[in-house]
Amino acid sequence: MADAGQPFWSIPVAEMLGRTGSAPIGLSGAEAQQRLGRAKLQAPRKGDGRVRGDVGLLLNQFKSPIVLILVFAAVLSAFLHDPADSVIIVAIVIVSAGLGFWQERGAAGAVAQLLALVRVRATVLRDGTPREVPVEEVVTGDVVTLSAGDSVPGDCLLLEAVDLTVDESALTGETFPVGKAPGVLDPDTPPGRRKNSLFLGTHAVSGTASALVVATGAETEFGKVSERLRLRPPETDFERGIRRLGYLLMEVTSVLVLAIFAANVYFHRPVLESLLFSLALAVGLTPQLLPAIITVNLSHGAKRMAASRVIVKRLASIENFGAMNVLCSDKTGTLTEGVVHLRSSLDVDGVESVRVLAAAHLNASLETGFKNPIDEAIRTQAPPDISSYRKLGEIPYDFIRKRLSVLADRDGSRLMVTKGALSGVLSVCSLAETPGGAVPLADRKKEIDDRFLELSLQGFRTLGVAVREEGLGDTLAREDEAGMTFVGFLVLSDPPKASAAQAVRDLAGLGISLKVITGDSAPVAATVIRELGLPEPSLLTGPEIRHMSDEALRSRAGSVELFAEVEPNQKERIVLALKKAGNVVGYIGDGINDASALHAADVGLSVAGAVDVAKEAADIVLLERDLGVLVDGVREGRVTFTNTLKYILMATSANFGNMFSMAGVSLFLPFLPLLPKQILLTNLLTDVPEMTIASDNVDPEVADRPRKWDIAFLRRFMVVFGLVSSLFDYATFGLLLWVLGANQNQFRTGWFLESVVSASLVVLVVRTRRPFFQSRPGRALALATAAVAAATLALPLTPLADLFELVRLPATFFAALLGIVVLYGLSAEAAKHVFYRFHPVGRE
């Protein structure tokens, strides 16, 4: 809201409130809704160019250039030739578009309901009271309240802040959290020093704050400097495969259409009729409902996965979920219960110590960072009286120092307490406290290290606690973390989860290996794995990774089951190394330090209780942090991908076969083998059974292994089974022309019937790798197939026959048709058996 000459960080709060039409108590609910409505109207179109809403979804059904040209040619034909045929062609195109719209609209609604379960929300003041709203509904003038782990929903000017630090690495590249406080700054203040401002794309690490939103979306600093707000997420293998399939079909279509059109013109057939026929061929070869059916399949799978307590945020990630063969996860909450217990607080000699507990309790009670189970476990102990302490400052935990410090005052005496990873605490200590007084740390260092190792080998996570009382002022800086006195240990436990061992074995049964990535010490992590009865893991530690090149890590990572003492930036390196080794990698994370690894993974998984930045980075959100939930979700994901692939295999092979046959025979017949409207009706009817594929049954062995997209496999399948289909089309041509002596209309009717019936029934063969009689189809698919076959055979006997120029055929044809369809089914079954000998389950 600040003008170009006066940025908002240089404007006093009172003036900025006036400019935004807001107040310290925020906006009224009605005003916020009006502003949201105006913002939506003014918002630019998405990067994919789609018009918003139902109208846009409907228009998307007509975006194919081939369909638009066909409609134009049909309209032109209405003026020059045959209006009735043109109306029928346009009507069929509209019905196909309507089916796609209906399917996609229902799918989009279902997905929106699922996403609402894991939507990132912000706390704003509306009508003077705190209210949680989706972050995309935050508007300029809102007053937001923030605490550790919250994402900043827009560019903001601070109103109040208590010990607030913010991770601005996404915007400035600064590694350490930046302290924030209200104030007025010079207009030329560089980004890293704008202490009174918060920016979209950052998140709170510690403390609390209230802030005035001055810009949202593309108007923010992040929106101005980052293309991420305007670009789609990186393509998954599935999206890339669909795009490449489109190119393949476009190439085949272009060659066929141009060749057939040229040939028909060469044979002196009417140009407009030849154009309509060629375009109808193009539409027939292109699976028109492919986008709708893919969306329906994926959304149907997302609903089934939601029943397994797995929410899919990005539908295209389902393919990667099904193809995943490596899962990276922390041990907390997956291998363990995720509930931390404080077992003991020990002094340097290993004796239970009230002083250590009191110091730790003061630290845990005064810190304002992200809520974590360790501090909660400390605070649940019988609390010492800390009411006389007044907090003066805090240095929040970060993953480089691995410690947290607070400074407190009691009656003029300063006390600084630091707790964290033992190595991080000892690095700022020069003394160790003993019953006889403080001694040089070096005198007790070996004893301290031995005790830490002993506790770790018992499976206990052990932290260090240190204090400092001399030479402290009224504020706290990183330089004050020096010359401290080590007072003792905090001994923590997180019991192994009873179901974890079976879940790990179930994942292995699905072809997924688990890689545990933890910041805990190697002995602690290895002990937990042993207690679960799992095999002794191969180990790689953070310090070892630090000295490894990316190539060395890539060659080593695949054989390692446990990565311990890992730093946050190393998580991303491990994920990238596993990906470069050819794996499809999933990563579960719920913390602030997991965002980069979640982005790097093929499929990022988070949990419902994760911090905002982790949920935003994730593709899939688990409603429970449990590997058992993940196992069920993987199975459903593979079923969804398999059914989507079934449709693509069925549609492309059947359409290719029909169009190849039609293109070939049209060169030798004195008339068009099918009229354009008959081609389109064939395409529409054969799509009906395939629209039910989302609910089809999947053979269990197909879902037991990871499956990947393979465009070469699809191309071979389309050609092989298309040619098998075409072989029996030509058998039908011979029967009609040389045995039955069919005239023009009888030929078209006979081939129309054979084409639709055979294409519908062969779906039951192609849908499974097993012999078709050993794999039961879904109820909806079986009923739709039977209904289409029956309706097609009955069509020449109905009043619609005249519209589509279909005629009655002699009974001998139907007997011959039955024989052709049976032989076709048996041949397709034999071809399938031979084809899959070279493509066993799990390779595609």
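## About the model

In this predicted model, local features need pLDDT of at least 70 and side-chain atom pairs count only at pLDDT 80 or more, while totals for chains, interfaces and linings use all residues. Residues are numbered from 1 along each chain as its sequence is written, and side-chain values use heavy atoms, with hydrogens and water left out.

## The chain as a whole

Let's start with the big picture. The protein chain has 30 helices and 23 strands; these are DSSP runs numbered from the N terminus, with helices being H or I of at least four residues and strands being E of at least two. Of its 844 residues, 55% are buried. Buried means under 20% relative accessible area, exposed means over 50%, and partly exposed lies in between (1.4 Å probe, protein chains only).

Contact means heavy atoms within 4.5 Å. Among the contacts in the protein chain with a separation of 6 or more, 73% join residues 24 or more positions apart.

## Helix 24 and helix 26

Two packed helices are described by the angle between their axes and the distance between the axes. Axes are lines fitted to C-alpha atoms, for helices over the stretch in contact, and angles run from 0 to 180 degrees between N-to-C directions. The axes of helix 24 (residues 676–690) and helix 26 (residues 744–761) come within 9 Å and cross at roughly 20 degrees, so helix 24 is roughly parallel to helix 26. Angles under 35 degrees count as roughly parallel, over 145 as roughly antiparallel, 65 to 115 as roughly perpendicular and the rest as oblique.

Residues of helix 24 in this contact include Leu681 and Leu685, and those of helix 26 include Phe752 and Val756. The contact residues divide into six nonpolar, five polar and one charged. Here Ala, Val, Leu, Ile, Met, Phe, Trp, Tyr, Cys and Pro count as nonpolar, Asp, Glu, Lys and Arg as charged, and the others, Gly among them, as polar.

## Helix 25 and helix 30

Helix 25 (residues 711–739) packs against helix 30 (residues 811–837) at an angle of about 155 degrees, with the axes 10 Å apart. That makes helix 25 roughly antiparallel to helix 30.

Phe713, Phe717 and Phe721 are among the residues of helix 25 that meet helix 30, whose partners include Ile820, Leu823 and Phe835.

## A buried valine

Val603 is found in strand 22 (residues 603–607) and is buried, with a relative accessible area of 0%. Leaving aside neighbours within four places in sequence, its contacts include Phe321, Met324, Tyr587 and Ile620. The C-alpha atoms of Val603 and Tyr587 are separated by 6.6 Å, although these residues are 16 apart along the chain.

## Two positive phi angles

Asp127 is not a glycine, yet it has a positive phi of about 55 degrees. Asp127 sits in the loop between strand 1 (121–126) and strand 2 (129–134), and is partly exposed at 49% relative accessible area.

Glu805 also has a positive phi, near 55 degrees. Glu805 lies in the loop between helix 29 (800–803) and helix 30, and is partly exposed at 30% relative accessibility.

## Cysteines

How many disulfides does a search of the whole structure find? The search finds zero, where a disulfide is a pair of cysteine sulfur atoms within 2.5 Å. Cys156 is buried, with a relative accessible area of 0%, and Cys429 counts as buried at 11%.
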